[in-house]
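Here is a friendly briefing to read alongside the model. Take a look at the chain first, then follow the points below.

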Amino acid sequence: MDIASLSTALSMTQLHNDIGVLMLGKQLDAAETMGDSMVKLMEQSVTPHVGGNIDISL
């Protein structure tokens with residue numbers, strides 16, 4: 001293997017690694033956004049007065 005082809009192979013490997021890191025960063029941002037949205041939805045769905053009293057007639 002000559003120097004030129006080795007250099008090209010190493011450059012392609014670095015490019016693939018850089019793209020992979022960028023994609024993982026985007027996925028992390030999306031997961032954080034979805035997590036924040038889920039927390040907001042759960043906070044809005046809380047109704048503390050529901051289930052506090054039970055009326056039973058026999």
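**Briefing on the chain**

Ile-19 lies in helix 1, where a helix is a DSSP run of H or I with at least four residues, a strand is a run of E with at least two, and both are numbered from the N terminus. This is a predicted model, in which local features need pLDDT of at least 70, side-chain atom pairs count only at pLDDT 80 or more, and totals for chains, interfaces and linings use all residues. Residues are numbered from 1 along each chain as its sequence is written, and side-chain values use heavy atoms, with hydrogens and water left out.

**Overall form**
- The chain has one helix and zero strands.
- Its radius of gyration, taken over C-alpha atoms, is 27 Å, while a compact globule of 58 residues would be near 10 Å (the rule is 2.2 Å times the number of residues to the power 0.38).
- Along the principal axes, the C-alpha atoms fill a box of roughly 90 × 20 × 10 Å.

**Exposure**
- Of the 58 residues, 0% count as buried (under 20% relative accessible area, with exposed over 50% and partly exposed in between, using a 1.4 Å probe and protein chains only).
- Ile-19 counts as partly exposed because its relative accessibility is 44%.

- Ser-57 sits in the segment after helix 1 (3-45).
- With a relative accessible area of 73%, Ser-57 is exposed.
- Ser-57 and Glu-32 are 25 residues apart in sequence, and their C-alpha atoms are 48 Å apart in space.
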